Amino acid sequence: VYINLLVDTTETATKYAYFDNISIKEVQGNHLVQTTSTSRPVYRNMSALNQDAIAWQGLTTYGNHIYACAYNNKIYKQTNGMGDFVAVTSTSKTWRGMTATETAVYACAYGDYIYEDVGGTGNFVAITDTARNWFAMTYDGTNLYACEYNGDVYIRYNNTGDFVPLNQTSRGWRGMAYLNGNVYACAVNDNVYVRYNGTGDFVSL
């Protein structure tokens, strides 16, 4: 078997590359061009879950469940990642962001407090005593982080006690995430920032 590879795209091309001693093997499994059409993967678009059109804001997972919060609305839960999102709180708040640890679900509200639901029972209790414009949260496996819109980034060391300011530049902080030892935060009309290894300041990427 030979493969003829044209390396000059002009009409008078005379330069070629030849390869021989080629081994060909059928790729097994459910891939796009396999011979059994019914076993080929089916590509689908994302589809709506037919939930109410409300101001959904934050999402997190806890165990096998998915939690979602809505601004000026409630916190909802999709049990085992299936079916509808059902309200687990009875009081509407200005919910913005969510995160979870191994033992609890957390949600923050704009102009309000940060709340904790131990064990995922639906009982969200305030764990801060100062109302701030909380917008997003994340967890690094040990410490809990929260950011304030047009304010600072805060940390709750070992997930106990108060949220302590990290004395960062006041920005329009809107989102947070954690990956491989680093904590990330983004600011509207600004940049994405990272706190490497969970120490020092947030620096722009």
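How much space lies in the largest pocket? The largest pocket holds about 190 Å³ of space. The structure is a predicted model, in which local features need pLDDT of at least 70 and side-chain atom pairs count only at pLDDT 80 or more, whereas totals for chains, interfaces and linings use all residues. Residues are numbered from 1 along each chain as its sequence is written, and side-chain values use heavy atoms, with hydrogens and water left out.

The protein chain contains zero helices and 18 strands; helices (H or I, at least four residues) and strands (E, at least two) are DSSP runs, numbered from the N terminus. Of its 205 residues, 37% count as buried, a term that denotes under 20% relative accessible area, with exposed over 50% and partly exposed in between (1.4 Å probe, protein chains only). Among contacts (heavy atoms within 4.5 Å) with a separation of 6 or more, 27% join residues 24 or more positions apart.

The pockets were defined on a 1 Å grid over the protein atoms alone: a pocket is an open set of points where a 1.4 Å probe fits, with protein on both sides within 12 Å along at least five of seven lines, and lining residues have an atom within 4 Å of a point. Grid points are joined across faces, edges and corners, and a volume is the space filled by probe spheres set on the points. The largest pocket is lined by 14 residues, of which G58, L59, G97, M98 and M137 are the closest to its centre. At least two lining residues come from each of β3 (56-62), β7 (93-100), β11 and β15, and β3 gives the most, with five. By class, this lining comprises six nonpolar, six polar and two charged residues. Here Ala, Val, Leu, Ile, Met, Phe, Trp, Tyr, Cys and Pro count as nonpolar, Asp, Glu, Lys and Arg as charged, and the others, Gly among them, as polar.

The second largest pocket has a volume of about 150 Å³. Its lining consists of L49, Q51, W56, Q57, G58, L59, A68, C69 and F85, and the elements that give two or more of these residues are β3 and β4 (65-73). Strand β3 again gives the most, with four residues. Six residues of this lining are nonpolar and three are polar, with no charged residue.

In soluble globular proteins, nonpolar side chains tend to be buried together. A nonpolar core is a set of buried Ala, Val, Leu, Ile, Met, Phe, Trp, Tyr and Cys residues joined through side-chain atoms within 4.5 Å. The largest such core has 14 residues, and those that touch the most other members are Y145, C147, V153, L166, W173, M176 and F202. Two or more residues each are given to this core by β11 (132-139), β12 (144-151), β13 (153-156), β15 (171-179) and β16 (182-187), the largest share, three residues, coming from β16. Apart from its neighbours within four places in sequence, F202 is in contact with residues including Y145, V153, L166 and M176.

Residue G175, in strand β15, is buried at a relative accessible area of 16%. Beyond its neighbours within four places, G175 is in contact with A136, C147, Y184, A185 and C186.

Side chains of opposite charge can pair when their charged atoms come close. A salt bridge is a side-chain nitrogen of Lys or Arg within 4 Å of a carboxyl oxygen of Asp or Glu, and two were found in the whole structure. In one, D112 meets K93 at 4.0 Å, N to O. D112 lies in strand β8 (residues 104-112) and K93 in strand β7, so the pair ties together parts that are 19 residues apart in sequence. D112 is buried, at 13% relative accessibility, whereas K93 is partly exposed, at 23%. In the other, the closest N and O atoms of R171 and D190 are 3.2 Å apart. This pair links R171 in strand β15 with D190 in the loop between β16 and β17, 19 residues apart; D190 is partly exposed, at 39% relative accessibility.

Most residues other than glycine have a negative phi. By contrast, phi is positive and near 55° in N167 and also near 55° in N189. N167 lies in the loop between β14 (164-165) and β15 and is exposed, with a relative accessible area of 65%. N189 occupies the loop between β16 and β17 (192-195) and is likewise exposed, at 79%.
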